[in-house]
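Please read it alongside the sequence and the structure shown here.

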Amino acid sequence: MHKADSIYEDEPDVVYDFPRSYLKAVREGVGDWAIYYEPVKAGPRGYFAVAKIESVEAKPGEEGRFLAMIEPGSFLPFDSEVPRLLEGRPLESALSETDGTPKTGGAVQRAVRRLPEAEFARIVGLGLPQDLERREATRHDPTASEFDDEGVPFERPVLERLTRRPYRDVAFRRKVRGL
């Protein structure tokens, strides 16, 4: 979880400040990707970005606090923020009751949560759509190309989209331009 006015020294694209209670989970995430989520009390954004955790270190001068260092250049805001609930159901199974309704307390309030790969892929897919490059290419010049037939979109694996420079450039450009 991250909120804009955090009392901690967080910089979403550089470092995440966290307490010892999350140390094991964050250490297990080193070298992997993390999704940023805004807590309900902080605002309406829900899931809003992704970045790769490069390392974890003790926070100098503060016993029991640690810093997750973000791999430079890996932070990528979503093209569109992903809501906490879709059709009244949480996107994370850990946040759902057995009947699919949202849980309260417990896991919902944890700032660091592990996500199964399928849930990670779904959230990233909603925030960074497969066809983002095509959307951007036709946004300012929506005229039909020389080919009139619809192409079949290539299903890119989530990690390829997150690491492929042309896709990242398009996503960044769209965010700067305000979609």
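**Briefing: pocket, cores and selected residues**

By class, 21 nonpolar, two polar and seven charged residues make up the lining of the largest pocket. The model is a predicted one. The points below begin with this pocket and then turn to the overall architecture, the cores and individual sites.

**The largest pocket**

- The space in the largest pocket amounts to about 780 Å³.
- The lining comprises 30 residues, of which Trp 33, Ala 34, Ile 35, Arg 113 and Leu 115 are the closest to the pocket centre.
- At least two lining residues come from each of helix H1 (23–28), strand S2 (33–37), strand S3 (47–58), strand S4 (65–70), helix H2 (117–127) and helix H4 (158–163).
- The most is given by S2, which supplies five residues to the lining.

**Overall architecture**

- Five helices and seven strands are present in the protein.
- Along the sequence, these elements follow the pattern β-α-β-β-β-β-β-β-α-α-α-α.
- The protein has 179 residues, and 37% of them count as buried.
- Among contacts with a separation of 6 or more, 66% are between residues 24 or more positions apart.

**Nonpolar cores**

- In soluble globular proteins, nonpolar side chains tend to be buried together.
- The largest nonpolar core holds 20 residues, and those that touch the most other members are Tyr 47, Val 50, Phe 78 and Leu 128.
- Two or more residues of this core come from each of S2, S3, strand S5 (76–82), H2, H4 and helix H5 (165–177).
- Another core, of eleven residues, lies apart from the largest one and includes Val 26, Ile 53, Phe 66 and Ala 68.
- Leaving aside residues up to four places away in sequence, Tyr 47 touches Ile 35, Tyr 36, Tyr 37, Phe 78, Glu 81, Val 82, Pro 83, Arg 84, Leu 91, Glu 92, Leu 95 and Ile 123.

**Glu 92, a buried charged residue**

- Glu 92 is located in the loop between strand S7 (89–90) and H2.
- Its relative accessible area is 3%, so Glu 92 is classed as buried, the cut-off being under 20%.
- The side chain of Glu 92 forms a polar contact of 2.6 Å with the side chain of Tyr 47.
- A polar contact of 2.8 Å links the side chain of Glu 92 to that of Arg 113, a residue listed among the closest to the centre of the largest pocket.
- Beyond residues up to four places away in sequence, Glu 92 touches Tyr 47, Arg 113, Leu 115, Glu 119 and Ile 123.

**Asp 10, in the segment before S1**

- Asp 10 is situated in the segment that precedes strand S1 (15–19).
- Asp 10 counts as buried because its relative accessible area, 15%, is under 20%.
- A polar atom of the Asp 10 side chain lies 2.6 Å from the backbone nitrogen of Asp 17.
- Between Asp 10 and Leu 67, which are 57 residues apart in sequence, the C-alpha to C-alpha distance is 8.8 Å.

**Arg 45 and Lys 52**

- Arg 45 is in the loop between S2 and S3, whereas Lys 52 is part of strand S3.
- Arg 45 is partly exposed, with a relative accessibility of 24%.
- Arg 45 touches Glu 38, Glu 81, Val 82 and Arg 84, when residues up to four places away in sequence are not counted.
- Arg 45 and Arg 84 lie 39 residues apart in sequence, with their C-alpha atoms 8.0 Å apart.
- Lys 52 touches Gly 31, Asp 32, Trp 33, Met 69, Ile 70, Glu 71 and Ser 74, again without residues up to four places away in sequence.
- The C-alpha atoms of Lys 52 and Ile 35 are 8.9 Å apart, at a separation of 17 residues along the chain.

**Glu 87, a positive phi**

- Most residues other than glycine have a negative phi, and most peptide bonds are trans.
- Glu 87 has a positive phi, near 55°, and is not a glycine.
- Glu 87 belongs to the loop between strand S6 (85–86) and S7.
- With a relative accessible area of 82%, Glu 87 is exposed.

Key: Residues are numbered from 1 along each chain as its sequence is written. This is a predicted model: local features need pLDDT of at least 70, side-chain atom pairs count only at pLDDT 80 or more; totals for chains, interfaces and linings use all residues. Side-chain values use heavy atoms; hydrogens and water are left out. On a 1 Å grid over the protein atoms alone, a cavity is a set of points where a 1.4 Å probe fits but cannot get out, and a pocket is an open set with protein on both sides within 12 Å along at least five of seven lines; lining residues have an atom within 4 Å of a point. Grid points are joined across faces, edges and corners, and a volume is the space filled by probe spheres set on the points. Helices (H or I, at least four residues) and strands (E, at least two) are DSSP runs, numbered from the N terminus. Ala, Val, Leu, Ile, Met, Phe, Trp, Tyr, Cys and Pro count as nonpolar, Asp, Glu, Lys and Arg as charged, and the others, Gly among them, as polar. Buried means under 20% relative accessible area, exposed over 50%, partly exposed in between (1.4 Å probe, protein chains only). A polar contact is a pair of N or O atoms within 3.5 Å; within protein, one must be able to donate a hydrogen and the other to accept it, and residues adjacent in sequence count only if both atoms are side-chain atoms. Contact means heavy atoms within 4.5 Å. A nonpolar core is a set of buried Ala, Val, Leu, Ile, Met, Phe, Trp, Tyr and Cys residues joined through side-chain atoms within 4.5 Å.
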